[in-house]
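The sequence and structure come first.

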Amino acid sequence: MGKTNSSSLDTVVTSFIILGLPHPPNLRILLFLVFFIIYILTQLGNLLILLTVWVDPKLHARPMYILLGVLSCLDMWLSSVIVPRLILDFTPASRAISYGGCVAQLYFFHFLGSTQCFLYTLMAYDRYLAICQPLRYPVLMNGRLCTILVAGAWAAGSIHGSIQVTLTFRLPYCGPNKVDYFICDIPAVLRLACADTKVNELVTFVDIGVVAASCFMLILLSYANIVHAILQIRTADGRRRAFSTCGSHLTVVTVYYVPCIFIYLRAGSKSPLDGAVAVFYTVVTPLLNPLIYTLRNQDVKSALKRMAAGRGAANANK
């Protein structure tokens, strides 16, 4: 869909058509229900984690769980940017999205995604300080510093998203307007540009590669030091507790970074697997995060039990 510019006689795209995920028509209702349930469970699960961290005094006073609460906010927001649009693909509703809507979706997707990268790095640094510098930890990672670091992660994510959206939409879009993807994302949108996109692809590769690789290397460096420190612990119970504390975060980092690397660090790829992999880390990972942190983290499980016990006692006193 577009309009004619009388001065240049070029067709200027004013909206895009999101083609969505390829699927058999007879599975449309089932897929609608699956993604709708995933979205609801994602919101409820992350909201539960957020409320638990906020309500429990033993959690919201510790930087590790402040960061976990921020991660839950990011997961809820990221899911809301992606999944409702995806659900519409399985309904008779129009698949059109305005030019401005496409710009906004691409911006928030990369803003939230890069902020998560920075946040995972902060979480690894927090675990490094807690295990490798336990005596200095209260001084090195206090509430004020944690707030500053989180604010820095949000600011850096916003800058990254702004760079990506500016680079993508500075190009002219004057021809096809069908986005062969389930969201407005850089690789799919660039294929529709009426100009050479090699520079954009290179800058995207370098920019996202630098952000992802830098964060990932810092996380690996933190965990290399953590593993070395844990192996120095003499008691088996002490080593088990230390590994348990870090296991949740390491699992989340793995299921987030591997799909990102698969999609963005293969310049020019048009693999049919990209859509399935992208669905995993944009739709499934925000659902898994609350499960990973509640099933593997003893502090969160204990806080949930205290909340349930307190609610039960309150109901009994009525």
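In an unreviewed entry, UniProt places the feature "transmembrane region" at residues 29-53, 65-87, 107-125, 145-163, 208-231, 243-265 and 277-295. The model discussed here is predicted.

Inside the protein, the largest nonpolar core has 85 residues. Within this core, the residues with the most contacts are F16, Y120, Y173, F182 and Y257. Helix α4, residues 99-132, supplies the largest share of the core, with 16 residues.

On the surface, a nonpolar patch is formed by I29, L33, F36, I37, I40, L41 and L44. Together these residues have about 660 Å² of accessible area. One of them, L44, is part of helix α1, which covers residues 28-55. L44 counts as exposed because its relative accessible area is 52%, and the cut-off for that class is over 50%.

Side chains of opposite charge can pair when their charged atoms come close. How many salt bridges does the structure hold? The count is 1 salt bridge. In a salt bridge, the side chain of R127 meets that of D126, with an N to O distance of 2.7 Å. Both R127 and D126 are buried.

Key:
Residues are numbered from 1 along each chain as its sequence is written. This is a predicted model: local features need pLDDT of at least 70, side-chain atom pairs count only at pLDDT 80 or more; totals for chains, interfaces and linings use all residues. Side-chain values use heavy atoms; hydrogens and water are left out. Patches are made of residues with over 30% relative accessible area and no salt bridge: like charges are joined within 9 Å, nonpolar side chains (Val, Leu, Ile, Met, Phe, Trp, Tyr) within 5 Å. Accessible areas come from the Shrake-Rupley method with a 1.4 Å probe; for residues, only the protein chains shown count as cover. A salt bridge is a side-chain nitrogen of Lys or Arg within 4 Å of a carboxyl oxygen of Asp or Glu. Helices (H or I, at least four residues) and strands (E, at least two) are DSSP runs, numbered from the N terminus. Buried means under 20% relative accessible area, exposed over 50%, partly exposed in between (1.4 Å probe, protein chains only). UniProt positions are given in the numbering used here, feature names are shortened, and annotations may be inferred rather than shown by experiment. A nonpolar core is a set of buried Ala, Val, Leu, Ile, Met, Phe, Trp, Tyr and Cys residues joined through side-chain atoms within 4.5 Å.
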